[in-house]
Amino acid sequence: MSNRDDQVVLAGALGECVHVAGVLNFLRLAEEQGYRTEFLGPATPLEDFVQAIADKQPTIVGVSYRLTPETGERLLQQFAEAVRARGLDRGRRFCFGGTPPVAERARHIPLFERAFSGEEPVEEIVAYLRGRAVGPPREEDYPQTFVERWAWKRPRPLIRHHFGLPSLEETIAGVRQLAESRLLDVISLGTDQDAQENFFHPEDQDPRRKGAGGVPVRSAEDFRRIYEASRTGNYPLLRTYAGTRDLIRLAELYQETINNAWAAIPLYWFNRMDGRGPLGLEESLAAHQEAMAWHAERDIPVECNEPHHWGMRDASDTVFVVAAYLAARNAKAMGVRHYISHYMFNSPPGLSDKMDLAKMLAARDLVESLRDDDFHIYHHTRNGLLSYPVQEDAARAQLAASVYLQMAMRPDVLHVVAFCEADHAAHPEDVIASVRMARHVIEIALRGQPTMTLDPAVEARRRELGAEAQVLLAAIASLAPADVSDPFTHVPTLGLAVRRGLMDAPHLRNNPYALGRSVTRIVDGACREVDPRTGEPMDEEQRLAALGL
């Protein structure tokens with residue numbers, strides 16, 4: 001926040017208008033930017049408003065009117081004439097805020113630099129308060145690296161959404177539509193399976209699955225066209241997934257064509273173990289470490305989209321927490337300086353909000369233990385992919401409730417998942433509607449959300465998971481040979497942790513790479529390991545003892 005203690009923003013509702021909620025919100029944003037504020041209140045007579053400008057000598061004047069457009073236009077013209085007659089228009093900025101019809105008329109009155117209708121993203125108002133020149137948005141108005149955009153957006157999280165349709169042309173048009181909406185900071189480009197696995201191997205591509213799971217990008221020019229479509233509106237960042245084969249070649253391609261905002265690299269997944277890639281378990285672990293190191297050498301941020309893949313397979317909360325730590329530990333060991341830690345809520349869907357939040361806080365605690373001057377951590381929350389009901393109204397409610405819960409963590413990035421995902425892949429209209437809902441919830445939370453992290457049940461489970469995670473980490477470390485300096489980044493040890501069942505999930509039953517003996521249940525809102533014979537919950541020491549450890 002800039003220091004503007006010597007600058008005043010003065011605002012009020014003009015004439016007979018008594019509606020001041022928008023005025024107060026504008027002044028709150030001004031205070032966030034370091035201004036002193038003066039609120040003139042509702043129904044401020046024109047003469048009193050003008051005199052207040054003379055008395056207070058503000059830097060910015062905000063005028064609001066939300067009644068009849070015709071009456072408002074006449075009143076605003078009279079206000080502008082009165083201001084100019086006293087020479088108060090010189091050396092200060094004037095803006096208007098009101099309903100869309102009144103704002104449209106205010107735009108034709110030269111006194112007002114900007115007329116806000118409430119339809120704008122909040123960062124456009126913030127940009128105005130920061131002194132951005134009036135006129136069409138330009139790319140230089142919007143930071144084009146992750147770290148710069150994050151700093152520019154604070155205290156609000158960067159908003160991200162996944163997007164990729166089975167048609168390249170529809171995806172290009174959709175990216176342009178999303179950019180022009182000015183709602184998203186980051187578009188995560190979802191490419192199809194062949195783009196992730198066989199981009200450089202057209203002979204292995206299967207025409208029958210073209211567009212399966214995302215946009216069928218088949219050339220560097222395809223990526224460039226998608227990026228070019230995003231060069232409008234608020235110029236969002238683009239990023240895409242690391243792929244499952246030729247990871248370094250893909251990373252080079254992404255940087256050249258879409259200026260990949262950050263790398264999304266798993267630790268244990270996207271290989272033969274989950275059927276989403278051609279590499280074996282240990283082979284993919286080494287490849288993922290290599291990809292992390294490649295990005296670290298170029299100071300490109302890295303996200304490990306890791307723990308939620310365990311959560312979506314009904315792994316215990318303890319395994320989820322440890323997966324978050326292992327991912328961050330490996331990124332740090334590979335030299336990553338800017339690390340994005342990923343927390344998907346509502347996975348598995350039966351978790352209670354209290355236990356879900358406790359799990360995420362316990363994971364964050366472990367990840368934060370790695371922070372130092374050379375390892376900067378950004379926390380990234382997300383709606384659960386598997387949590388949405390098919391019925392649209394219920395899905396919309398789920399989206400809003402989940403975002404509100406996520407805001408308890410004050411995330412640096414918030415990944416919105418469109419309400420329609422249980423029915424169909426999101427089209428631009430679905431994304432826009434979902435992001436508008438999420439943004440409104442974020443603003444509500446920022447006005448004064450209860451401190452849910454201090455709930456006694458949340459605190460108790462957070463401590464319990466922290467202790468249980470240490471038990472599992474100690475067991476993983478015990479698998480390593482004595483001469484291994486860091487068992488948590490040692491590929492054979494990491495692989496053995498899965499093969500021996502320390503890192504396990506119910507959905508890995510009959511998997512050739514995993515033990516697949518884990519049985520979990522939702523118990524009192526938490527996902528716990530249970531004894532498969534009795535159904536009784538087991539703590540981590542009991543579970544490991546059953547594995548012979």
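## The largest pocket

About 960 Å³ of space lies in the largest pocket of this predicted model. A pocket here is an open set of points on a 1 Å grid over the protein atoms alone, with protein on both sides within 12 Å along at least five of seven lines, and lining residues have an atom within 4 Å of a point. The volume is the space filled by probe spheres set on the points, which are joined across faces, edges and corners.

The lining of the largest pocket consists of 39 residues, and Asn25, Gly118, Glu119, Glu120 and Ile125 are those nearest its centre. At least two lining residues come from each of helix H1 (21–32), strand S3 (60–65), strand S4 (93–98), helix H5 (122–129) and helix H16 (428–446). Helix H1 contributes the most, with seven residues. Helices (H or I, at least four residues) and strands (E, at least two) are DSSP runs, numbered from the N terminus.

## Basis of the model

Residues are numbered from 1 along each chain as its sequence is written, and side-chain values use heavy atoms, with hydrogens and water left out. Because the model is predicted, local features need pLDDT of at least 70 and side-chain atom pairs count only at pLDDT 80 or more, while totals for chains, interfaces and linings use all residues.

## Cavities

A cavity is a set of grid points where a 1.4 Å probe fits but cannot get out. Five cavities of 30 Å³ or more are counted, and the largest cavity holds about 60 Å³ of space. Its lining includes Thr240, Tyr241, Leu247, Tyr254, Asn260 and His295. Helix H10 (247–258), S9 and H11 are the elements that give two or more residues to this lining. The largest share, four residues, comes from H10.

## Aspartate 274

Aspartate 274 is situated in the loop between strand S9 (263–264) and helix H11 (281–297). Aspartate 274 is buried but has no salt bridge; arginine 313, the nearest side chain of opposite charge, is 4.1 Å away. Buried means under 20% relative accessible area, exposed over 50%, and partly exposed in between (1.4 Å probe, protein chains only). For charge, Lys and Arg count as positive and Asp and Glu as negative, whereas His and the chain ends are not counted. A salt bridge is a side-chain nitrogen of Lys or Arg within 4 Å of a carboxyl oxygen of Asp or Glu.

The side chain of aspartate 274 reaches the backbone nitrogen of asparagine 271 at 3.0 Å, and a polar atom of that side chain lies 3.1 Å from the backbone nitrogen of arginine 276.

## Salt bridges

The whole structure holds 40 salt bridges. In one of them, arginine 337 and aspartate 299 meet at 3.1 Å, N to O. Arginine 337 lies in the loop between helix H13 (317–333) and strand S11 (338–344), and aspartate 299 in the loop between H11 and strand S10 (302–304), so the pair ties together parts that are 38 residues apart in sequence. Arginine 337 is partly exposed, at 33% relative accessible area, and aspartate 299 is also partly exposed, at 39%.

Another salt bridge joins arginine 528 and glutamate 464, whose closest N and O atoms are 3.1 Å apart. Since arginine 528 belongs to strand S15 (residues 526–529) and glutamate 464 to helix H17 (residues 456–478), this pair ties together parts that are 64 residues apart in sequence. Asp317, Lys359, Arg461, Glu464 and Arg528 are linked in a network of salt bridges.

Methods: A polar contact is a pair of N or O atoms within 3.5 Å; within protein, one must be able to donate a hydrogen and the other to accept it, and residues adjacent in sequence count only if both atoms are side-chain atoms.
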